[in-house]
Amino acid sequence: SRMFICEVLSRLGFETIEAACVRDTRDAAAKLATFDLAVIDIGLPDENGLDFAAELGAQRPHLKVMIVSGYAEIAQHLSSLDPRLYFLTKPFDEGELIHALLQLEL
């Protein structure tokens, strides 16, 4: 799913950075002055994706975050608390991903 998301975003003209875990994502984010979107899975190998989303949001107030997961009830509740969060239920197709980007106004 990570490769699929990057492929679709690249075709739409977005510059993407792919990372498999929170540690690698933190390293990549620290090197960027700005970025507009983080796509985060709830189930990450080294940390909880929702905790990491909250951390990124605190550091970057204008960042929009797309949460992807099969755990719809949890993430939909959390995304209703923060307008910068958008939840996308797995599995999803390209059209659903594009719809999510439009919802986030990207």
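Predicted model: local features only at pLDDT ≥ 70, side-chain atom pairs only at ≥ 80, totals over all residues.
Three strands form an open sheet in the order E1-E2-E3, and their pairing is parallel. Strand E1, covering residues 37-41, and strand E3, covering residues 85-89, stand at the edges; each has a single partner strand, so one side of each is left without a neighbour in the sheet. From one strand to the next, the twist averages 20°.

The pairings can be followed residue by residue. E1 and E2 are joined in the parallel sense over five bridges. Along this pair, Val39 stands opposite Met66 in E2, and Ile40 stands opposite Ile67 in E2. Strand E2, made of residues 64-69, also pairs with E3 in the parallel sense, over five bridges. Here Val65 has Leu85 as its bridge partner in E3, while Ile67 stands opposite Phe87 in E3.

Next come the helices. Helix H3, residues 49-59, lies across E1 and E2 and runs at about 160° to E1. Together, E1, H3 and E2 make a right-handed β-α-β unit.

Another packing arrangement involves helix H1, residues 2-11, and helix H5, residues 94-103. These two pack at an angle of about 65°, and their axes are 11 Å apart. The crossing of H1 past H5 is right-handed. On the H1 side, the contact is made by Phe4, Ile5, Val8, Leu9 and Arg11, and on the H5 side by Glu94, Leu97 and Leu101. Sorted by class, this contact of H1 with H5 has six nonpolar residues, two charged residues and no polar ones.

The loops deserve a look as well. Leu44 is found in the loop between E1 and H3. Its relative accessibility is 22%, so Leu44 counts as partly exposed. Setting aside neighbours within four places in sequence, Leu44 is in contact with Val22 and Gly49. The C-alpha atoms of Leu44 and Ala20 are separated by 7.9 Å, although these residues are 24 residues apart along the chain. Pro91 lies in another loop, the one between E3 and H5. A cis peptide bond joins Lys90 and Pro91, with omega at about -5°. For background, most residues other than glycine have a negative phi, and most peptide bonds are trans.

Two further residues complete the tour. Where is Ala30 placed? Ala30 belongs to helix H2, residues 22-30. With a relative accessible area of 64%, Ala30 is exposed. Ala30 and Leu44 are 14 residues apart in sequence, and their C-alpha atoms are 19 Å apart in space. Glu105, in turn, lies in the segment after H5. Is Glu105 buried or exposed? Its relative accessible area is 67%, so Glu105 is exposed. Glu105 and Lys64 are 41 residues apart along the chain, and 9.3 Å separates their C-alpha atoms.

Key. Residues numbered from 1 in each chain as written. Heavy atoms only, no water. Pairing = 2+ DSSP bridges. Helix = DSSP H or I, 4+ residues; strand = E, 2+ residues; numbered from the N terminus. Axes fitted to C-alpha atoms, helices over the stretch in contact; angles between N-to-C directions. Contact = heavy atoms within 4.5 Å. Left-handed = near helix turned anticlockwise from the far one by under 90°. Nonpolar A, V, L, I, M, F, W, Y, C, P; charged D, E, K, R; others polar. Right-handed = clockwise from strand over helix to strand, strands pointing away. Buried < 20%, exposed > 50% of the residue type's maximum accessible area, 1.4 Å probe, protein only.
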